[in-house]
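Here is a short briefing to read alongside the model. Have the sequence and the 3D view open, and let's walk through them together.

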Amino acid sequence: MKKRVQRKVEPMIEVIKVTKTYPHDITALHEISLTVNKGEMCFLIGRSGAGKTTLLKLLCNMEQATRGLIEVAGQEMNLLRGRKLSQLRQQMGVAYQDFKLLPERTAAENIAISMEVSYKKPQVIRDRVCSLLDQLGLADKYDTLTGELSHGEQQRVTLARAIANSPSIILGDEPTGNLDAASTERVMRLLSNCNKAGATILIATHDETIFREGSHRVLEIADGRLEGIAAFPTTL
Ligand SMILES: Nc1ncnc2c1ncn2[C@@H]1O[C@H](COP(=O)(O)OP(=O)(O)OP(=O)(O)O)[C@@H](O)[C@H]1O
Ligand SMILES: [Mg+2]
């Protein structure tokens, strides 16, 4: 009889009793605990102001937790500094809610940034950038300054930049927020392919269409508290 190979379940992201308080005593997250396993794709939903972006910022070290423990790829975020921190950040692709593109650089230059940091060859970078722009319906925007792109086009460039270097962890903050149905499908197909290739993915969203049909976990945050798995999400 053939032996079944079982994939080991290992946590990639562990958040244990994390609280985040911003200045002026604004508590955005209250004792949140969650685990995202290696190779999992899951969705984070909740009303505007619920704390989704704050959680993603803690995971990529843009903000520090006030209390609690965050481990990413087995490393405790609060203790990471210098080279170890930048090595971990290189394994992560983040598509920010407010994009953070360089407006005076072209779409291709913005997307290439993460690959240049890891010293990929120019031809490899060019091929990857062309392929991503093509898959996102932006083949004709290679040389366009991102400051001259529409919101939806900038959003797709942001996604392309996040995944260009094939990161093992992808954090997407409303990656389809400004997109029509066809572009949303392109973005989700790309993310799904990254997931099939092994990436662990966490996506904050208000867009029910991107998880309704799938079997991925949906986590719901309400007023900074994790409400657990939302079988029938209520707070989009
Ligand atoms: N830098 C900051 N300083 C003070 N308060 C902040 C800061 N960033 C966020 N907040 C507050 O923290 C709470 C959570 O904000 P967050 O951006 O995480 O929400 P969100 O779920 O991402 O909302 P949206 O769906 O609108 O993007 C809100 O009350 C917000 O006003
Ligand atoms: Mg947000």
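For the residue classes used below, Ala, Val, Leu, Ile, Met, Phe, Trp, Tyr, Cys and Pro count as nonpolar, Asp, Glu, Lys and Arg as charged, and the others, Gly among them, as polar. Please keep in mind that this is a predicted model.

**Around ligand 1**
- By those classes, the shell around ligand 1 has four nonpolar, seven polar and one charged residues.
- Its members are Y22, I26, A28, G46, S48, G49, A50, G51, K52, T53, T54 and Q97.
- Strand β2 (26–37) and helix α1 (52–59) each supply at least two residues of this shell.
- The largest share, three residues, comes from α1.

**The sheet**
- Four strands make up an open sheet with antiparallel pairing, in the order β2-β1-β4-β5.
- Because β2 and β5 (75–76) stand at the edges with a single partner strand each, one side of each is left without a neighbour in the sheet.
- Strand β4 (residues 67–72) runs antiparallel to β5 and is joined to β5 by two bridges.
- E71 has E76 of β5 as its bridge partner.

**Helices α3 and α5**
- Helix α3 (residues 107–117) packs with helix α5 (residues 151–163) at an angle of about 25°, and their axes are 7 Å apart.
- The two helices, α3 and α5, are therefore roughly parallel to each other.
- The crossing in which α3 passes α5 is right-handed.
- On the α3 side the contact is made by A107, N110, I111, I113 and S114, and on the α5 side by V157, A160 and R161.
- The residues of this contact divide into five nonpolar, two polar and one charged.

Methods:
Residues numbered from 1 in each chain as written. Chains lettered and ligands numbered in written order. Predicted model: local features only at pLDDT ≥ 70, side-chain atom pairs only at ≥ 80, totals over all residues. Axes fitted to C-alpha atoms, helices over the stretch in contact; angles between N-to-C directions. Parallel < 35°, antiparallel > 145°, perpendicular 65-115°, else oblique. Left-handed = near helix turned anticlockwise from the far one by under 90°. Contact = placed C-beta atoms within 7 Å. Near = placed C-beta within 6 Å. Pairing = 2+ DSSP bridges.
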